[in-house]
Amino acid sequence: MKYLFRYFLGLLVAVGVGVSGAAWAQGAKKQPVDLVYPLLDAANSRWFFFNSATRPFGMVNLSPDNAINADWNAGYRYKLDSIKVFSHIHGWQLSGVPVLPTTGEFKGHLGASQYGSRYSHAKEVIKAGYHKVVLDRYNITAELTSTTRVGFHKYTYPASEQSHILFDFSTFLGPSDTQKGFVRKVSNREIEGYAVMAPTIRRPKTVTVFFVAVFDKPFESFNGWRNGKLEKVENVIEGERTGAYLSFKTGAGEVRKMKVAISYVSEEQARLNLTTELPHWDFEKIVQDSRTDWNEWLSRIKIQGGTEKQQSRFYTDLWHALQGRRIISDVNGKYCDMTGPERRIRQIPLDANGKPKFNHHNFDSMWGAQWTINTLWHLVYPEVTESFVNSMLLMYEDGGLIPRGPAGGNYTYVMTGASSTPFIVSAYLKGIRGFDHQKAYEGMRKNHFPGGMMSKAGYEHNTFKGGGIEYYLERGYVPHPMTKKRYGFHQDGSTQTLEYAYQDYTLAQMAQKLGKQDDYALFMKRAQNYKNIWNPELGWMWNRTLDGKWGEPIDILRYDNGWEEGNAAQFTWFVPHDVEGLIQLMGSREAFVTKLNTSFEKAQAHDFVSGKSHDKETLEHLRRVYINYGNQPSIQTAFLFNYAGAPWLTQYWARQVIEKVYSDLTPELGYSGDEDQGLMGSLAVLMKTGLFSTNGGTSPKPFYEISSPLFNKITIKLNPKYYKGKQFVIEAKNNSYQNVYIQSAKLNQKVLNQPWVDHETMVNGGTLQLIMGPNPNKNWGSQPAQAPASMSTR
């Protein structure tokens with residue numbers, strides 16, 4: 001009973017306090033933005049996971065921090081009872097500009113653990129683009145919202161002779177310590193400065209965050225601290241372990257507003273971002289503008305049917321799919337390039353109207369993106385895809401490599417392989433071509449050879465050895481162990497072998513489109529390399545050692561040990577480009593289906609995940625599982641039955657995974673692991689629409705596999721600048737909790753007997769109609785000729 005009360009209270013907080021019973025009963029009429037529940041999984045958040053006062057892909061993502069000094073278990077954490085600071089950046093290896101309003105004797109110099117304040121969820125309101133809390137210690141009501149590059153604060157103070165706003169540049173925020181701060185008083189209504197965020201083990205160079213803060217009322221004094229001691233200053237304070245604070249008197253209920261704009265280029269650029277995006281002081285207008293902005297993005301997919309909880313979870317998943325991977329360029333296209341030995345300021349090309357043609361982006365690895373944002377963004381948000389591709393090509397121009405996970409203009413070499421290749425190739429094959437194709441191909445090709453991304457294991461900053469690409473080219477596999485020394489975090493040869501083979505296949509398809517037949521033949525041959533770690537006696541993929549033998553001891557459930565963030569049982573299914581070839585290795589379709597179905601039956605006992613949160617996922621005994629939908633390596637598995645003549649099992653298991661993994665709507669539960677900046681949110685959206693793409697849309701004619709939609713009707717609005725059709729509609733007649741099986745299908749009023757649809761057909765607009773029922777129709781889509789195409793069935 002307590003659980004149910006907490007759930008409904010949380011949902012009320014998410015959509016706004018004071019919802020009447022009548023309005024609640026009419027929940028189906030809510031706008032998509034009103035259904036977003038930002039508190040999902042917030043008890044388990046990673047630094048960049050939680051979002052509230054932010055815009056889609058916003059440079060600023062302003063929110064309270066309950067925990068600092070860590071990447072994991074930091075930022076906003078629902079079960080912690082105090083707020084340390086409000087900070088403006090929660091990104092992949094990025095953080096910065098922590099502030100807090102206080103009253104009484106100033107204690108900011110003593111650190112966040114001393115000046116922070118308790119707060120209560122009962123007085124908290126969180127919506128898409130807005131966050132309100134009461135700092136109980138100071139009796140201050142703080143409201144937060146933002147534009148893309150400017151945080152907007154509204155503080156309601158009590159009567160106090162000493163009211164303050166502090167800027168703490170002595171903090172360790174999320175992944176990064178603050179190496180140095182600089183603050184200068186411009187006037188009694190404006191300050192400016194910067195923070196140098198220290199390197200991390202993942203981001204090897206500093207990142208400088210510049211800011212300008214302006215105030216609607218003058219402050220009376222400007223002072224600071226250094227090394228924990230207050231310091232009287234004139235107009236500037238600078239150095240390590242420093243901070244600044246502004247002081248003033250307030251009357252009861254007095255409102256003070258503050259705008260904080262950031263830039264990675266300079267204070268002048270931060271000021272330009274501010275004056276361009278937020279020239280006024282109308283806080284409520286920005287709250288409404290943010291709501292409208294989010295609603296337009298979320299409304300690209302409209303759903304009908306399901307419960308209000310299911311609808312709320314869907315739009316929360318979509319909300320996460322549009323977060324995390326942050327804009328780092330300014331309104332005029334200036335950006336910071338950290339790829340070389342020195343910091344350089346660059347300019348994004350401008351269009352005929354003098355506007356940047358695209359944004360520069362910060363993002364965690366594209367590892368697993370082929371099953372998530374590849375499909376969602378390319379179909380629903382192709383303009384975002386195009387911006388990200390151009391952003392990667394900027395880094396290629398600047399630093400010589402297309403990145404797989406940049407942070408603040410730095411290369412991080414996060415994860416393994418050339419994971420950006422499928423993203424770019426899929427975009428090209430789907431007709432998203434607003435980028436230099438030849439340059440993209442040139443950069444991707446470089447990544448597939450020594451000296452490129454395939455040469456580096458995770459976070460291998462100074463060498464090109466951990467990727468084992470030379471072994472892959474010579475032997476057709478990367479040995480494990482390859483060397484006694486681990487050059488990178490993720491030096492796992494068997495995973496690298498499977499990744500490289502898939503990524504080679506994807507690059508081959510673009511080579512063919514560009515008329516590069518020699519390259520096409522080369523990469524298609526390399527795409528067969530996955531077979532070199534198939535152990536026929538074992539019946540699973542397995543490690544090959546340096547001497548070419550099978551690794552010992554054999555334990556297919558052992559985590560890592562050749563398998564990156566997974567095990568052999570999970571990675572055996574990682575042949576996205578050639579499921580038919582994998583079926584042949586297993587002997588028959590029947591053998592394939594039996595092995596995969598058995599894996600799902602075993603995984604059902606632990607709800608298809610390795611524990612319900614990341615701290616559980618790290619426990620060794622919870623990692624010994626056949627399938628884990630809390631992380632990327634095996635999230636395609638439910639859809640593989642479509643290739644083996646058993647699409648009804650795809651329909652069944654996909655719905656089971658949705659129910660067990662992606663249906664909760666509480667602060668305690670949500671993604672059962674690492675959401676990874678929208679990857680798992682995107683996956684949840686795709687599974688609930690009944691669409692997926694095992695090869696990431698990288699076959700010569702991209703297609704989408706079909707499963708069992710969660711909703712009765714799904715309408716995908718298509719971007720007319722990229723696609724001919726206005727919309728694509730998926731209708732699931734007789735859909736229910738029990739009726740999960742497709743009985744028959746029609747595509748644009750014509751009978752469809754295959755469990756897949758061409759991308760071109762979808763983006764030309766139309767309707768896919770599915771008739772659902774409680775029992776499987778084992779004849780529908782089950783013939784070999786009806787299976788989706790693989791490399792071996794071409």
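Why is helix α9 (residues 420-429) largely enclosed by the rest of the structure? I looked this up first, and found that ten of the ten residues of α9 are buried, so the helix is largely enclosed; buried here means under 20% relative accessible area with a 1.4 Å probe, protein chains only, and helices are DSSP runs (H or I, at least four residues) numbered from the N terminus.

Before going on, I noted that this is a predicted model, in which local features need pLDDT of at least 70 and side-chain atom pairs count only at pLDDT 80 or more, while totals for chains, interfaces and linings use all residues. Residues are numbered from 1 along each chain as its sequence is written, and side-chain values use heavy atoms, with hydrogens and water left out.

I checked the confidence next: pLDDT, the predictor's confidence in each residue from 0 to 100, has a mean of 94 over the protein chain, with 96% of its residues at 70 or more. Over residues 1-28, however, the pLDDT is below 50, although this stretch has 41 contacts in the model beyond near neighbours in sequence, a contact being heavy atoms within 4.5 Å. Where pLDDT is low, the predicted coordinates should not be read in detail.

Returning to α9, I listed its buried residues, among them Phe423, Ile424 and Tyr428, and saw that their cover includes α7 (373-380), α8 (382-399), α10 (437-447) and α12 (493-513). Just after α9, I found glycine 431 with a positive phi of about 90°.

Lastly I followed α10 to α12, where His437, Tyr441, Met444 and Arg445 of α10 meet Leu507, Met510 and Ala511 of α12.

Methods: Buried means under 20% relative accessible area, exposed over 50%, partly exposed in between (1.4 Å probe, protein chains only). Helices (H or I, at least four residues) and strands (E, at least two) are DSSP runs, numbered from the N terminus.
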